[in-house]
Amino acid sequence: MASYVPAEDRYRFMTYRRCGRSGLLLPAVSLGLWQNFGDDRPLDTQRAIVHRAFDLGITHFDLANNYGPPYGSAETNFARILHHDFRDRRDELLVSTKAGWDMWPGPYGDLGSRKYLVASLDQSLRRLGLDYVDIFYHHHFDPQTPLEESLGALHTAVTSGKALYVGISSYSDKRTAEAVTILRELGTPLLIHQPSYSMFNRWIEDRLLDVLGAEGVGCIAFSVLAQGLLSDRYLNGIPTGSRASQDGSLTRDMLNDENLARIRALDDIALGRGQSLAQMAIAWALRDHRVTSVLIGASSVAQLEQNVAALDHPEFTADEIATIDRYAVDGDIDLWRTPATS
């Protein structure tokens with residue numbers, strides 16, 4: 001493989017936002033490796049996407065223990081890229097990972113026990129070939145485990161030097177407020193919350209953003225394109241090979257007549273702004289200053305570039321917001337609603 005030389009102007013155009021009341025800045029757009037970084041995709045393609053992301057000023061790469069397929073392979077593949085091309089640039093990168101969903105068989109490979117979370121982080125570090133990650137998340141609230149136990153494991157990750165910061169994902173506003181208090185008492189502040197959020201899934205606007213703003217906790221939104229619904233890919237049906245055609249995180253029933261009508265109306269608004277629907281959806285998710293960053297996936301360099309270009313036109317007029325609000329309503333696409341409302 002040829003040596004990678006990063007672009008000299010990589011920090012010139014990206015917007016960076018402070019994460020809550022911490023000292024940490026995140027790029028407005030971060031790269032998520034949930035999709036497209038498993039063993040089912042060529043490593044050369046993955047490598048090209050990561051290179052271009054860094055050249056565009058994306059410093060934050062978000063993983064989880066079970067990203068793939070198979071589970072763990074996204075971390076392993078990212079490690080290959082990291083150590084071949086970024087071994088001298090670790091201090092320019094933010095690497096995050098998570099645990100909370102199922103990872104290995106048996107009673108200790110799922111949910112929120114200290115046993116699972118500590119072991120999972122150790123496994124992730126081995127796959128990544130790193131001494132520490134920058135952010136370690138509990139991937140979702142576990143009602144079967146005392147919150148003090150799950151958050152105590154995050155605290156241990158920091159005190160043991162295996163993580164610099166900690167976060168939570170898919171926690172309700174009530175559980176988030178409790179997590180803030182528990183972690184503050186332990187001496188490890190909650191840095192960030194990672195919720196699902198999009199034009200078709202606006203649950204965080206009810207109370208969660210108020211909690212995060214008041215407590216000085218950052219917010220990084222995932223699935224801002226509603227699993228791909230908020231793009232031009234499904235305007236004329238379900239393409240072969242698309243995520244919806246495989247009934248994975250985007251199912252055919254989400255592409256109902258009501259959602260398709262809203263998608264087409266939103267696409268018209270985006271065209272009037274000189275953007276693609278995906279670009280407008282990304283800019284829209286960033287319109288609130290309490291949202292620190294948004295996570296995007298990418299299956300190609302071209303798609304990555306198109307989505308990052310959302311930052312070229314981030315402002316909305318009051319009339320645009322009012323018109324968008326007519327169509328940006330719940331689309332029954334939130335796969336993470338149960339833990340987030342527990």
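Colleague: Does helix 7 pass helix 10 in a left-handed or a right-handed crossing?

Modeller: Helix 7 passes helix 10 in a left-handed crossing. A crossing is called left-handed if the near helix is turned anticlockwise from the far one by less than a right angle, and right-handed if clockwise. Please note that this is a predicted model, in which local features need pLDDT of at least 70 and side-chain atom pairs count only at pLDDT 80 or more, while totals for chains, interfaces and linings use all residues. Residues are numbered from 1 along each chain as its sequence is written, and side-chain values use heavy atoms, with hydrogens and water left out.

Colleague: Where do helix 7 and helix 10 lie, and at what angle do their axes cross?

Modeller: Helix 7 covers residues 257-272 and helix 10 covers residues 318-327; their axes come within 9 Å and cross at roughly 165°. Axes here are lines fitted to C-alpha atoms, for helices over the stretch in contact, and angles run from 0 to 180 degrees between N-to-C directions. Helices (H or I, at least four residues) and strands (E, at least two) are DSSP runs, numbered from the N terminus.

Colleague: What does that make helix 7 and helix 10 to each other?

Modeller: The two helices are therefore roughly antiparallel. Angles over 145 degrees count as roughly antiparallel, under 35 as roughly parallel, 65 to 115 as roughly perpendicular and the rest as oblique.

Colleague: Which residues of helix 7 and helix 10 meet?

Modeller: R262, A265, L266 and I269 in helix 7 meet T323, I324 and Y327 in helix 10, where contact means heavy atoms within 4.5 Å. By class, this contact has five nonpolar, one polar and one charged residues. Ala, Val, Leu, Ile, Met, Phe, Trp, Tyr, Cys and Pro count as nonpolar, Asp, Glu, Lys and Arg as charged, and the others, Gly among them, as polar.

Colleague: What about helix 5 and helix 6: at what angle do they pack?

Modeller: Helix 5 (residues 173-186) and helix 6 (residues 208-215) pack at about 20°, with their axes 8 Å apart. They are therefore roughly parallel to each other, and their crossing is right-handed.

Colleague: Which residues make that contact?

Modeller: Helix 5 contributes D173, T176, A177, V180 and R184, and helix 6 contributes L208, V211, L212 and E215. The classes are five nonpolar, one polar and three charged residues.

Colleague: And helix 2 with helix 3: how do their axes cross?

Modeller: The axes of helix 2 (residues 73-85) and helix 3 (residues 114-128) come within 7 Å and cross at roughly 45°. That makes helix 2 oblique to helix 3. The contact is made by E75, T76, F78, A79, L82 and H83 of helix 2 and by S124, R127 and L128 of helix 3. It has four nonpolar, three polar and two charged residues.

Colleague: Changing topic, how many disulfides does a search of the whole structure find?

Modeller: The search finds zero disulfides, a disulfide being a pair of cysteine sulfur atoms within 2.5 Å. For C19, the nearest cysteine sulfur is that of C219, 9.0 Å away.

Colleague: Are C19 and C219 buried or exposed?

Modeller: C19 counts as buried at 0% relative accessibility, and C219 is buried with a relative accessible area of 0%. Buried means under 20% relative accessible area, exposed over 50%, and partly exposed in between (1.4 Å probe, protein chains only).

Colleague: Now the backbone. Which residues does a cis peptide bond with omega of about 10° join?

Modeller: That bond joins G68 and P69. The peptide bond from P69 to P70 is cis as well, with omega near -10°. P69 is placed in the loop between strand 4 (60-62) and helix 2, and P70 is in the loop between strand 4 and helix 2. Most residues other than glycine have a negative phi, and most peptide bonds are trans.

Colleague: What is the phi of N36, and what is that of S170?

Modeller: N36 is not a glycine, although its phi is positive at about 80°. N36 sits in the loop between strand 3 (29-32) and helix 1 (43-55) and is buried, with a relative accessible area of 14%. The phi of S170 is near 55°, a positive value in a residue other than glycine. S170 lies in the loop between strand 7 (163-169) and helix 5 and is buried at 2%.

Colleague: Lastly, where does D312 lie?

Modeller: D312 is in the loop between helix 9 (301-308) and helix 10. At 67% relative accessibility, D312 counts as exposed. Its C-alpha atom is separated by 9.4 Å from that of Q275, 37 residues apart along the chain.
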